[in-house]
Amino acid sequence: MNPYLVLGVPRDADDQAIRRAYLAALKEATPETNPVRFKALAGAYEQIKDEPSRHRHELFDTASLGDSPLDVFLHHVQHGPRPAPLSFEAMKEFLRACSKT
Amino acid sequence: MVAPSPGNPPTTLSPSVVAAEQRTREFLAQAKWRKARDEVKPLVKLDRDRYLPLLIQANLGLVRELMAKGLVADAQSVLAYLATIAPTDQLRAVELEMAGKDGNPAELFPRYLAALADASLSLPPDEKLRLADQSILAFQGVPADADPACGRLAAEVGAVHDALLAISMQQWDRAVTTLRAIPLRSVFSHWATFLKGVMAFHNGDGERATRCFAGLPADSVPAQASQAYRLLAGQLAPAPNGPPIPELALDGAGRLAGQPSVGRALFRAERLWKVGRFTESYCALRDGVAQFPTAGCDWLGALSEFYFRAARGMAETASYNYLDFFASGAGRKASKNSVEELLTLRLLALSNSGFGNPWELRSDWERYLSLLDRLRGPNPRRASIGYGWLGEQLAQPPSEVGWFGPRSDLRDAGAAIECLRKAIALDPNNLPAHLKLVSIYGTLARIAERNRLLDEMCKRFPEEKAVLLEAARRCLERKVFVKGLDFLERARQLDRIDPVIPELIVSARRQLARQYFQQQRTDQARQTLADTEEFLTDLADDFHRGRWIARLHHGLLEELHGDVPAGEVQLAEARARSPFPAAFVFAAHLTYRAYAPGKPGASPFLPELQKELKNAPSAARAVQLRRLLQFWIQAPEKLELRSEEKWLRGYVRTAAKAPFTREEARQLIELPDNQLVYESAHENALLLFVKKVLRDDAQDPRFRLFDHTLRPPHGEAPEQIRAKLESILAEATRRRDDPTTQKVRQLLKRVDHLPPPPFPPLGPDDDAFDDFVDGPPDLEKLFPSGVPQTLEEVQRLFEMLRAAEKAGLLPPGGPFPEGGPDFLPRPSNPAPRKKLSPPPAPPPPPDPNQFNLL
C-alpha cells in the first residue's frame, strides 16, 4: 500500500512531518489494539522515513498494491482518510441513480 | 392482492399443472417476468383465483423492468393489458411510477402522497415502499393545498430531506433531531434508518452502520444505496468465486471517494482484469476516468500505480504482451498525460533491467529521470541514486548463458562507469555509487583508477566501515600490510562485532609476519604473530582464526625461515589441537605449498597425507577436508589444486562405503564443487550417499532433490521433470522442509527454459550414430591444427575458449563456423521482451585515461 496514504502525509512531507504523523497514528493503533494497522504503519514509516528512503521508494519500489483494481481501490479507500459526506446535490443524484435499478 | 402461497396445490390438479406452477414461482423469484407470464397464462383458465395473482405479479414486474430499460411505450401497453385484469388499487403505484418517468415531480408528488394517505387503497407493502421512495426522490416541499393526512406525510418527507442536508454539512446533531419527526411505523421509517446508518459510517462507527443497513427492506432505494457504504466499510467484500460486486455499489463508492465517474469504469476494469484481459482493463479506466493515471497521493494514484506494477505478478506471456502494450505507447510518445509517460518509462526500465538491451535500458531510464525532474522539480540526490542504479545494472553480467555457463563480462562497462561517475558528481556522498565503481574498476583490472578512487573515498568517508575494509583489502593485495592493518583497526573501532574484520586482521598479520621472517626480522615476526592471539578461536573448522591453524602457520614459518626446533613445537601443538590427523596433514601440505611454492602437488607432508587419506575415511571427515580445500581455492595465493581435488574425490568415494548419518551426507553433498577437474565419478560417489539415504527413507525430499540435480537431465522431457519436482515439492511442504521447498520452486521456474539436450533422445534400439542426420561430426575439419587427444588438451581448449568468450571475441553463433557440431550445448536465447526499434549505434568506448566526472 502507498506509504504516504497509510501515514496520511503529502508526497513532499519532510522527515519531521512524517515522523510526527507516524507517532500520532501509533497512538491509535498499538500492537495490542490493532496489530494489522500497526504493522502497516511500521512498514510505511520504514519506506519513507528519510530522504534517501523516499527516493528509493519512488524510483524502485515495485511491490504489488493489490490483486485486482477493485482490491486496490477498496484497500486504499478503506484504509485512507474516511470519505466526507456527499453534498446534497450529489446525494440526490446518487439516490435517483439507485432508484433506476 | 397477494398471490396464494404455494402450500400443497389442490389434489385435483394434474402433475403437469403443478410443475408449471412451480416453474412460474421460480421465474417470479428470479425476476424473469416474461417467462413467468408465459408459463402462468394458460393456467389462469384452469383456476383463475389461484393463478391470476401470479399473472398480475409477473406483468407488474415486466412493466417495471421495461420502465427501467427506458421502454416506456412497451411498459404502457403491458399496463393497459393489466388494467383489464388487475384491481385498480394494484396499479395505482405503478401508474404513478410510470408517470414519474417523464412527469414533473412537482405535479406527481401530491399524487404520491395522496396514494399513500388513502386508507381505502389497500396497497401491497412493496408498492407502498416504492411510492414512499418516489416521494422522497421527488425532493418537493409540502404542497400548499395538502389535506392533513398528506400534510403529515409531506412533513415526514421534509424531515428526511432536512436530515440529508444536515448530513451533507456534517451537522450530526441537527440530523438526529430532525429524524425524530419520523415515527417508527411511518412509511418512511426505512429512510430514517438509512440516514442513521450513513451518519454512523461517517463517524467511524462501522458496527452501528452495519446494523442500520441490515434492517433495510431489500428492494428499497435506501437498501440499494447502502451497498456503497457497506462496500467502503468492508461489509461487502468481493468473494473469489462469489458473485461480483454490484455496479451500483461501485458507482456509489466512487462518488463517495470523490470520483463520480470511476465506479462504472472500475466495474468494467475489474471484470476485464479477472478474465485476464489486462491491457483492456487498463484502457477501461484510462478512457473512463479523465484524471487516470495520476500521481496523486490518494486511491486514484494507488490505482494508477497498481497497473504499472502488475506485470511482475503475471505469467510470462501475459507479462510480455502487457509490457509490449506500454512499450508501443511510450515509443511513439502517445501517452495520455505526463504521468502515464513517466510510469511507463519506469515500468519498462525496471522490467528490462535484468536482461534487456542495455542501450534501451539507459535511454528509458534517463528519460524517466529527466521527466521526473521536470514534474517534481530537480533533486540531485534522487538523480544520483537513479544513475547509481543504472550504473549497477549496466555493470551486471549479460543474462544470456554463454557456451561455458554464466558469463563474467559486463553488459556495458563503459556506460556503467559513465553513469556511476555522473551519480558521484550529482551527489559526492553517494557511497554505494563509489563502491560499485571501485568494484567495476577491479573487474576491469583498472587498478590505478581504482586505487585513486579508494584514496578519495578514504578522505571523504573516513568513518565508513565498507570503505575502510575495501581499502584494507586492496592494501593487502598490494602487500602493503601496515597501512592495511591501520585501515582494519579503524574499521574495528566502528564495528567490533563483524567477524570479517578480525579474519582480515589475522590474515594481514600472518602475511606481515611472513614478510618479516623472509627479511630475517624474526623478533618482529614473532611479535606480529603474538598480536593475533586475541583474535584466535578454538573452532576446528575456522580456517582463518582457528588456534591450530595459527600454530600451523607459525610452525611452518619458523621451519622455513626461523628456528626449526621452535617450529616443531608449534607444529606439534597444531597437530594436537587439530580435529583429526588427516586434517592437520592436509592443512600443513597446503600451507607449505603456499609458503614454499614449487611443483604443484608436492610438499614434505605428501607421503603422510597419502597415508592419512586412506586411514578410516568417513563422511564427516570428508566434509572437513573439502571445506579446507574450498578455503584454499578461494585464498589469494591461488594455488594449483587439481591434484588435491582429485585425491579428495577418491576419499569421498571410499567414505561412501563407511557408515554415515543423513546430516553428514547432506553437508557433504551441499558443499560447492568447483569442478577444477571434471569427473563424473564424483557425482556418482555422491549419488552413493543419496542412494543409501533413500534406501531408508524413499520419500526424503532433500535427497530426492539431490538425486535429481546430481544426475544429468538429458533425455527427460520437461513434463517429466516438472512432475518429479512437483512430487518432491509436495513432500517437502508436508514435512515443512522450507529450504528444500524453496530450491524446488526455483527449479520449477526454470523447467520451461531448459536447453535442449545436446543429443536427440535415443530409444533402446537406437544406434547412436544413426541419429545424426549428417553422420558423425568431422573432427579433422573442426580442429585443423590437431584434434585434442588427452583430457588435459581438451581442458586447455576449454580454458582458451572461455577466455575468448570473456573478452567478447567469440562470434554470436559460437566458436565453430556454421553453428558448430550439434553435440555441443547451445547458449539459451532469452525470450524477446518487446518489439524493439533498431538500437542506436553504441557510443564509442570511453578513453580509460580520461577522468571526466561530469
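## Salt bridges overall

Across all chains, the structure contains 56 salt bridges. The model is a predicted one.

## Glu280(B) and Arg277(B)

A salt bridge links the side chains of Glu280(B) and Arg277(B), with an N to O distance of 2.8 Å. Glu280(B) has a relative accessible area of 35%, so this residue is partly exposed. Arg277(B) is also partly exposed, with a value of 41%.

## A pair within helix 29

Helix 29 of chain B covers residues 564–577 and holds both Arg577(B) and Glu573(B). These two residues are four positions apart, about one turn of the helix. Their side chains form a salt bridge, at 2.9 Å from N to O.

The relative accessibility of Arg577(B) is 40%, which means that Arg577(B) counts as partly exposed. Glu573(B), at 29%, is partly exposed as well.

## A pair between two helices

Arg575(B) makes a salt bridge with Glu608(B), and the closest N and O atoms lie 2.7 Å apart. Arg575(B) belongs to helix 29 of chain B, while Glu608(B) belongs to helix 31 (residues 606–612), so the pair ties together parts that are 33 residues apart in sequence. Arg575(B) is partly exposed at 36% relative accessibility, and Glu608(B) is partly exposed at 26%.

## A network

Salt bridges with shared partners connect Glu533(B), Asp538(B), Arg547(B), Arg551(B), Glu573(B) and Arg577(B) into one network.

Conventions
Residues numbered from 1 in each chain as written. Chains lettered and ligands numbered in written order. Predicted model: local features only at pLDDT ≥ 70, side-chain atom pairs only at ≥ 80, totals over all residues. Heavy atoms only, no water. Salt bridge = Lys/Arg side-chain N within 4 Å of Asp/Glu carboxyl O. Buried < 20%, exposed > 50% of the residue type's maximum accessible area, 1.4 Å probe, protein only.
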